[in-house]
Amino acid sequence: MSTRAPSPRPKPWIADIHAYVAGKSAGADGRPLVKLSANENPLGTSPKALAALADVRIPSLYPDPDSIALRAALGSLHGIDPARILCGTGSGELLAVAASAFAGPGDEILYVRYGFSLYDIVARRSGATPVIAPDKDYGTDIEALLALVTERTRVVFVANPNNPTGSFLPKGEIARLHAALPSDVLLVLDQAYAEYVAPEDDDGGLALAAAAANVLVTRTFSKAYGLAGERVGWATGSAQIIEVLNRIRGAFNLSNSGQATAVAAVEDQAFVDASRLHNTRERARFVAKLDALGNHGIRYVPSEANFVLVLLEGALTGEAAYTGLAERGYITRWLPGQGLPHGLRITIGLSDHMDAIAEALREMAETARSEAA
Ligand SMILES: Cc1ncc(COP(=O)(O)O)c(C=O)c1O
């Protein structure tokens with residue numbers, strides 16, 4: 001009798017993974033909706049980046065395997081030696097290679113509850129055990145994270161600002177977390193939304209990545225740079241960490257168009273600044289309208305990102321708000337799969353859209369309350 005299985009079997013830690021759920025772009029009936037479910041840039045893409053698409057090299061040729069021009073542009077913008085910069089197919093690739101390079105079966109990877117959903121996937125994919133620290137009113141709790149550090153901890157993921165909560169740890173807190181971690185634990189500071197944070201509130205991640213041997217900062221072109229479809233991310237850390245990650249990242253991991261548009265986007269900081277200013281203004285206007293809905297059991301987590309996690313704790317449920325907004329033409333992100341059945345993450349879009357959403361929430365909350373009475 002053969003002891004062989006009838007078909008290839010995935011490793012048990014792979015079998016435990018639930019595939020990443022992306023933000024939807026259409027309603028249940030397939031009708032296209034205003035997409036506020038994936039934290040993309042409502043202003044689109046820098047015109048200079050779009051113009052660069054015209055100069056892209058012919059598709060029959062492989063792209064530059066080392067993204068040299070992009071690393072030089074990023075190095076010059078942020079004052080980083082390009083040797084300490086690594087580009088990835090979105091920052092998602094870099095989170096995955098960081099987990100796999102530094103953790104494996106028997107090890108632990110630590111992050112907070114209501115952290116970015118990809119951390120579970122990349123941790124399990126490496127074979128390590130995910131360990132989840134409790135939150136503090138939806139925010140990252142450094143004490144809770146540190147309390148769960150063990151001999152087996154290899155990687156700690158902290159998104160700052162965090163997705164889906166939008167919460168933010170200031171510089172002093174990041175420094176305190178890093179100082180308390182053992183030196184052989186890799187602290188991955190995921191700064192996917194860093195460009196939305198006011199420059200004076202910088203969390204110090206890039207400086208830490210330059211000075212410490214156990215910090216990796218990841219960033220993306222998918223959000224404020226408006227290039228989500230080009231799949232471009234980057235990371236910086238010590239030369240040793242970057243050299244290790246370089247060994248296992250995808251060969252030719254950035255396309256010709258990804259590299260060309262990202263270089264042009266780096267050179268158009270005016271577009272990034274305009275995106276941040278739009279976001280800051282519209283987010284403030286939107287949450288001011290939500291403030292007026294407190295008596296309907298609607299509140300939100302204070303956000304430093306380009307989205308707001310709205311908490312529906314009254315007669316209007318998260319599911320009903322999600323469905324009602326979709327019926328009105330807006331697709332948002334309802335999060336029951338992340339332990340937030342009362343949570344709706346709404347990307348900050350154009351002014352008119354945010355006004356319409358705030359008004360729809362008010363209207364639906366009033367109807368739900370009178371129906372419940
Ligand atoms: C916190 C965080 N990190 C990383 C990413 C990955 O983005 P990308 O792979 O497009 O760079 C996202 C995307 O939503 C995110 O929210």
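Reply: Begin with one term. Contact means heavy atoms within 4.5 Å. Keep in mind that this is a predicted model.

Me: Which elements cover the buried residues of α3?

Reply: The cover includes β2 (85-89), β8 (232-236) and α10. Helix α3 spans residues 68-78, and its buried residues are Leu70, Arg71, Ala73, Leu74 and Gly75.

Me: How do I read the spacing of such a list?

Reply: An α-helix has 3.6 residues a turn, so residues three or four places apart point the same way. Now look at the buried set in α3: Leu70, Arg71, Ala73, Leu74 and Gly75. After the helix comes Gly79, with a positive phi near 70°.

Me: Is Arg249 buried or exposed?

Reply: The cut-off for buried is under 20% relative accessible area. Arg249 has 13% relative accessibility, so Arg249 counts as buried. Arg249 sits in the loop between α9 (239-248) and α10 (256-266).

Me: What does Arg249 touch?

Reply: Leaving aside residues up to four places away in sequence, Arg249 touches Pro65, Asp66, Leu86, Cys87, Glu93 and Val97. There is also a polar contact, at 2.7 Å, between the side chains of Arg249 and Asn246.

Me: Now the domains. How is the protein chain divided?

Reply: Domain 1 takes 12-43 + 270-372, and domain 2 takes 47-268. Their C-alpha centres are 25 Å apart. Domain 1 puts 34 residues into the contact, and domain 2 puts in 35 residues.

Me: How much area do domain 1 and domain 2 bury between them?

Reply: About 2800 Å², with 60% of it on carbon and sulfur atoms. On the domain 1 side, Tyr20, Arg276 and Glu304 lose the most area to domain 2. Together they account for 21% of what that side buries.

Me: How many salt bridges are there between domain 1 and domain 2?

Reply: The count is one salt bridge. For a pair to examine, take Asp137 and Arg299: they form a salt bridge, with the closest N and O atoms 3.8 Å apart.

Me: Which elements supply the domain 1 side?

Reply: α1 (12-15), α11 (269-291), β10 (307-312) and β13 (340-347) each supply at least two residues of the side that touches domain 2. α11 gives the most, with six residues. By class, that side of domain 1 has 17 nonpolar, 10 polar and seven charged residues.

Technical notes:
Residues are numbered from 1 along each chain as its sequence is written. This is a predicted model: local features need pLDDT of at least 70, side-chain atom pairs count only at pLDDT 80 or more; totals for chains, interfaces and linings use all residues. Side-chain values use heavy atoms; hydrogens and water are left out. Domain bounds come from an automatic or database domain assignment. Buried area is the accessible area (1.4 Å probe) that two parts lose on being put together, summed over both. A salt bridge is a side-chain nitrogen of Lys or Arg within 4 Å of a carboxyl oxygen of Asp or Glu. Helices (H or I, at least four residues) and strands (E, at least two) are DSSP runs, numbered from the N terminus. Ala, Val, Leu, Ile, Met, Phe, Trp, Tyr, Cys and Pro count as nonpolar, Asp, Glu, Lys and Arg as charged, and the others, Gly among them, as polar. Buried means under 20% relative accessible area, exposed over 50%, partly exposed in between (1.4 Å probe, protein chains only). A polar contact is a pair of N or O atoms within 3.5 Å; within protein, one must be able to donate a hydrogen and the other to accept it, and residues adjacent in sequence count only if both atoms are side-chain atoms.
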